[in-house]
Amino acid sequence: MRMLVTGAAGFIGSHLVNTLLFQGNLVVGTDNLGRGRLANLSAALANDNFSFAEAELGVPEDELKAIAAQGPFDMVWHMAANSDIAAGVEDERIDFRDTFQTTRSALALCRETGARRLVLASTSAVYGERDDVLSETTGPLLPISNYGAMKLAAEAAVSAAAETFLDTVWIMRFPNVVGAHATHGVIYDFCHKLLDDPETLSVLGNGSQQKPYLHVGELVEALLFIVERTADEHGRHLYNIGPEDSGVTVAEIASAMVERAGGGARIVYQGGDRGWIGDVPRFSYSTRKLRDLGWRPQLSSREAILRAVDECCREWGLN
Ligand SMILES: NC(=O)c1ccc[n+]([C@@H]2O[C@H](COP(=O)([O-])OP(=O)(O)OC[C@H]3O[C@@H](n4cnc5c(N)ncnc54)[C@H](O)[C@@H]3O)[C@@H](O)[C@H]2O)c1
């Protein structure tokens, strides 16, 4: 198949590109290289079945012509978005442009290139802050960050397109995803800090924030599994993807990081029950629907974190 991946040079997009190529697909990747890096695509760029188009999404439709010219496509994987939730709380224009308007661009590219299938990378952040276990039928959805709000709006736009020019859409809600090629997130943040100052690791919040984590390799495996199993059923597919546990705390991640990087740094907590405004400090995900379809991760949150800490420390040259 001929696939378009937006956000291709980012953390998850680059792993997805590699797997789609491995399966024998022809892949065009696009990214504005704002947060994404070409280095993440080094293996793909050496593959004749891959081409890369540096381009801005979230712009007027007639500015998308260069990407559309690379079509036709069978399917679009929309991974591009803002991934700095705190920045989006400070300035709501960021998520409007990079999270919502990029989704409108991905939809316009489907229309222009004949793609009738689209996968949207969505997030647990659409649920907001709730005490109950989050399942696909949980509602009302009241996000507490602009990122979550614009992802929810993106889900709605994608859902509506399934009534007109798209046959099948997949809305995939990811938990926190970790692994090599990270461009943001807790492990990325700790790597940065330890490179700057190997003696002290400053941690946002009081360390008790506890979330489920999925390794990026397993996330990509789950995405492909869901698409393959449900592709014959036209319409809308909505899945939570995640581990089957209640997660690990930021304090545990900080300890694992310090230990892996040489053990010397003193951990200093900034205090407060969350890392930033808009952070959901605790949530519990139901992945029963995905389990019933036949997929479950091999790694627990803790195992995913330990693997990712190791991968990122290697990547960053930390011990
Ligand atoms: N990593 C996670 O923990 C996580 C959790 C839930 C959902 N998601 C979603 O998964 C997707 C991939 O996330 P990621 O972690 O790989 O983040 P990422 O920031 O590494 O990747 C997003 C990519 O989109 C690109 N991009 C952003 N705005 C753009 C624009 N206007 N035009 C063109 N390119 C643009 C960035 O340069 C970046 O390479 C995102 O949609 C994100 O919201 C990620």
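Biologist: How do α5 and α6 sit, and at what angle do they cross?
Modeller: Helix α5 (residues 92-113) and helix α6 (residues 146-161) have axes that come within 9 Å and cross at roughly 15 degrees. That makes α5 roughly parallel to α6, a label for angles under 35 degrees. Axes are lines fitted to C-alpha atoms, for helices over the stretch in contact, and angles run from 0 to 180 degrees between N-to-C directions. Helices (H or I, at least four residues) and strands (E, at least two) are DSSP runs, numbered from the N terminus.

Biologist: Where does the model come from, and how are residues numbered?
Modeller: This is a predicted model, where local features need pLDDT of at least 70, side-chain atom pairs count only at pLDDT 80 or more, and totals for chains, interfaces and linings use all residues. Residues are numbered from 1 along each chain as its sequence is written.

Biologist: Which residues meet between α5 and α6?
Modeller: Among them are Phe-96, Phe-100 and Leu-107 in α5, and Met-150, Ala-154 and Val-158 in α6. Contact requires C-beta atoms, placed from the backbone, within 7 Å. The residues of this contact divide into 10 nonpolar, 3 polar and 4 charged. Ala, Val, Leu, Ile, Met, Phe, Trp, Tyr, Cys and Pro count as nonpolar, Asp, Glu, Lys and Arg as charged, and the others, Gly among them, as polar.

Biologist: Now the sheet. What is the strand order?
Modeller: The open sheet has 7 strands in the order β3-β2-β1-β4-β5-β6-β11, with parallel pairing. β3 (50-54) and β11 (235-240) are the edge strands, each pairing on one side only. Two strands pair if DSSP finds at least two bridges between them.

Biologist: And what lies across the sheet strands β1, β4 and β5?
Modeller: α5 does, running at about 170 degrees to β4. α1 lies across β1, β2 (26-31), β3, β4 and β5, at about 170 degrees to β2.

Biologist: What surrounds the ligand?
Modeller: 30 residues do, the closest being Gly-7, Gly-10, Phe-11, Gly-36 and Ala-81. A residue counts as near if its C-beta atom, placed from the backbone, lies within 6 Å. The shell has 11 nonpolar, 14 polar and 5 charged residues. α1 (11-22), α5, β5 (117-123) and β7 (176-178) each supply at least two of the shell residues.

Biologist: Last one: which residues of α7 and α9 meet?
Modeller: Val-186, Ile-187 and Phe-190 in α7 meet Val-250, Ile-253, Ala-254 and Met-257 in α9. By class, that contact has 7 nonpolar, no polar and no charged residues.

Definitions and conventions: Angles under 35 degrees count as roughly parallel, over 145 as roughly antiparallel, 65 to 115 as roughly perpendicular and the rest as oblique. Two residues are in contact if their C-beta atoms, placed from the backbone, lie within 7 Å.
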